Amino acid sequence: DNDMEIKTAIDHAAVAVNDINWYIRFFDKAFNMKVRNYDGPEENPKQVWLLGGIQLIASPDEKFAKEDRCRHLGMNVSDPEACLKIAYEEFGAEEMPQGHNWIRVGDGLCVEVLQMK
């Protein structure tokens, strides 16, 4: 009998991307997620870890089917509308059938933008 309360949180989600520098700018501007660690040179890293739990892995020559990498990233943000405005206007995000807060960005990554509670 285990009466210990279990608390769980994701440490990070690793995502392969074609253009790592594009995604660094996207997550920085749209979500205010800064790079906390680089693997390789800052101007052309092999991979990075962002504050907030995302690891981006440079895979410039990989061809991704729409659902290959992961189903989607669910992002809790304090101002979803401001985030979505940047994603749509500055990064050419496409709205997905699930709704305005579901976007497809870059080389096909799906992101669900949620209100932080």
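Cys-110 touches Arg-71, His-72, Leu-73, Met-96, Ile-103 and Arg-104, its neighbours within four places in sequence left aside. Contact here means heavy atoms within 4.5 Å. The model is a predicted one, in which local features need pLDDT of at least 70 and side-chain atom pairs count only at pLDDT 80 or more, while totals for chains, interfaces and linings use all residues. Residues are numbered from 1 along each chain as its sequence is written, and side-chain values use heavy atoms, with hydrogens and water left out. Cys-110 belongs to strand β8. Its relative accessible area is 2%, so Cys-110 is buried. Buried means under 20% relative accessible area, exposed over 50%, and partly exposed in between (1.4 Å probe, protein chains only). Arg-71 lies 39 residues from Cys-110 along the chain, yet their C-alpha atoms are 7.0 Å apart.

The chain holds two helices and eight strands. These are DSSP runs numbered from the N terminus (helices: H or I, at least four residues; strands: E, at least two). Their order along the sequence is β-α-β-β-β-β-α-β-β-β. The chain has 117 residues, and 38% of them count as buried. Among contacts with a separation of 6 or more, 57% join residues 24 or more positions apart.

Two strands pair if DSSP finds at least two bridges between them. β1 and β4 are joined by five bridges in the parallel sense. In this pair, Ala-13 stands opposite Ile-54 of β4.

Two loop residues come next. Ser-59 sits in the loop between β4 and β5. With a relative accessible area of 11%, Ser-59 is buried. Beyond its neighbours within four places in sequence, Ser-59 is in contact with Ala-16, Val-17, Asn-18 and Phe-64. Asn-32 is in the loop between α1 (20-31) and β2 (35-39). Asn-32 is not a glycine, but its phi is positive, at about 55°. Most residues other than glycine have a negative phi. The relative accessibility of Asn-32 is 56%, so Asn-32 counts as exposed.

Another open sheet, also of mixed pairing, takes four strands in the order β5-β8-β7-β6. β5 and β6 (94-96) are the edge strands, each pairing on one side only. Here the twist averages 40° from one strand to the next. Helix α2 packs on this sheet and touches β5, β6, β7 and β8; its direction makes about 40° with that of β7. β6 and β7 run antiparallel and share three bridges. Met-96 stands opposite Gly-99 in β7. β5 (residues 73-77) and β8 (residues 109-115) run parallel, with five bridges between them. Val-77 has Gln-115 of β8 as its bridge partner. Leu-73, Met-75 and Val-77 make up the covered face of β5, while Gly-74 and Asn-76 make up the uncovered one.

The largest nonpolar core has 28 residues, and Phe-26, Phe-27, Phe-31 and Leu-56 touch the most other members. Elements that each supply at least two of its residues are β1 (13-17), α1, β3 (47-50), β4 (54-58), β5, α2 (80-91), β7 (99-105) and β8. The largest share, eight residues, comes from α1. A nonpolar core is a set of buried Ala, Val, Leu, Ile, Met, Phe, Trp, Tyr and Cys residues joined through side-chain atoms within 4.5 Å. Phe-31 touches Phe-26, Met-75, Val-77, Cys-83, Val-111 and Val-113, with residues up to four places away in sequence not counted. Phe-31 is also part of an aromatic cluster with Trp-22, Tyr-23, Phe-26, Phe-27 and Phe-91. The aromatic pairs number eight. Rings of Phe, Tyr and Trp (its six-membered ring) pair if their centres lie within 6.5 Å.

Technical notes
Rings of Phe, Tyr and Trp (its six-membered ring) pair if their centres lie within 6.5 Å; planes under 30 degrees apart count as stacked, over 60 as edge-to-face and the rest as tilted. Axes are lines fitted to C-alpha atoms, for helices over the stretch in contact, and angles run from 0 to 180 degrees between N-to-C directions.
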